[in-house]
Amino acid sequence: MQPIRLEEILGRERYGAEREAIRRRLIAHKRVRRVSVGDRLTFLFEDRTTVWYQIQEMLWVEHVTDLDAVRSELAVYNQLVPGADEFSTTLLVEIEDQTRIREELQRLIGIDEHVALEIGAGLRVAGVFEAGRQTAERLSAVQYVRFLLDPAARARVAAGAPLALAASHPNHQARAALPEAVRASLVADLTDAAAVDAALASVRDGGGA
């Protein structure tokens with residue numbers, strides 16, 4: 001999947017004028033990219049569209065207009081765009097009771113060794129967590145997790161194998177089969193670059209090029 005290019009970024013004036021409409025389209029796009037695993041973990045499968053939106057929002061909120069600064073942000077956020085043989089996800093640890101956030105996060109320390117993508121029967125791909133987002137005493141509520149696909153795993157996904165996300169942490173054990181719409185969007189990530197680009201155009205321009 002190609003990184004976001006500078007020419008794909010909307011200027012501040014245009015983005016501000018269309019921001020609310022873009023947000024609505026992005027919410028609809030995310031519906032087929034998001035999966036909850038139990039009552040604590042929510043995974044968003046990133047693609048060019050979700051990363052583009054994060055960049056645009058950051059530039060808007062931070063009032064970034066200098067081109068060199070924009071290029072720097074592109075370099076940072078483009079690390080979330082998945083490569084050709086992987087899925088890239090943002091994992092949110094969601095805790096409703098605000099008074100228990102720290103305690104509940106501590107209970108999930110070590111989650112980086114207990115998340116896997118199941119591809120069909122008998123094939124599990126362990127999640128690779130970004131380093132530096134947890135210690136022996138502390139866990140960030142936002143994690144970045146990649147699932148690296150070898151040729152056999154990639155072929156299974158492309159052939160339509162059912163997919164599921166599983167967590168096997170002692171304090172959080174859950175499994176969620178990916179809905180067909182999510183599975184189909186991930187197959188497109190691997191096999192249909194035109195569809196990936198069309199999805200971004202749809203959110204960015206309302207379907208136009």
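Colleagues, the model is predicted, so local features need pLDDT of at least 70 and side-chain atom pairs count only at pLDDT 80 or more, while totals for chains, interfaces and linings use all residues. Residues are numbered from 1 along each chain as its sequence is written, and side-chain values use heavy atoms, with hydrogens and water left out.

Let me begin with helix H2. Helices (H or I, at least four residues) and strands (E, at least two) are DSSP runs, numbered from the N terminus. H2 covers residues 48–61, which is 14 residues. From first C-alpha to last, H2 reaches 20 Å, close to the 20 Å expected at 1.5 Å a residue; the expected span is 1.5 Å times one less than the number of residues.

Is H2 mostly covered or uncovered? It is mostly covered, with 11 of its 14 residues buried. Buried means under 20% relative accessible area, exposed over 50%, and partly exposed in between, with a 1.4 Å probe and protein chains only. Among the buried residues of H2 are Arg48, Val51, Trp52, Ile55 and Leu59. The buried residues pack against helix H1 (12–30), strand E2 (41–45), helix H3 (67–77) and helix H7 (193–205); contact here means heavy atoms within 4.5 Å.

The two ends of H2 also deserve a word. At its start, a side-chain oxygen of Asp47 comes to within 3.1 Å of the backbone nitrogen of Thr49. Just after the helix, His63 has a positive phi of about 55 degrees.

I turn now to the aromatic rings. The whole structure holds 3 aromatic pairs. Rings of Phe, Tyr and Trp (its six-membered ring) pair if their centres lie within 6.5 Å; planes under 30 degrees apart count as stacked, over 60 as edge-to-face and the rest as tilted. Tyr15 and Trp52 form an edge-to-face pair, 6.4 Å centre to centre with 80 degrees between the planes. This pair links distant parts of the chain, since Tyr15 lies in helix H1 and Trp52 in helix H2, 37 residues apart. Tyr15 is buried at a relative accessible area of 1%, and Trp52 is buried at 0%.

Why is the pair of Tyr15 and Trp60 edge-to-face? Their ring centres are 6.2 Å apart and their planes stand at 65 degrees, so the pair falls in that class. Because Tyr15 lies in H1 and Trp60 in H2, the pair ties together parts that are 45 residues apart in sequence. Trp60 is partly exposed, at 24% relative accessibility.

Next comes a loop residue. Asn78 lies between H3 and strand E3 (86–93) and is buried at 16% relative accessibility. Its side chain reaches the backbone nitrogen of Ile4 at 2.7 Å. Not counting residues up to four places away in sequence, Asn78 touches Pro3 and Ile4.

Finally, the hairpin. Strand E8 (residues 163–169) pairs with E9 in the antiparallel sense over 6 bridges; pairing requires at least two DSSP bridges. The hairpin has 2 residues between its strands. Ala164 has Ala177 in E9 as its bridge partner. In E9 (residues 172–177), His172, Ala174 and Ala176 form the covered face, whereas Gln173, Arg175 and Ala177 form the uncovered one. In a regular strand, side chains alternate between the two faces of the sheet.

Key: Polar contact = N/O pair within 3.5 Å; in protein donor to acceptor, adjacent residues only side chain to side chain.
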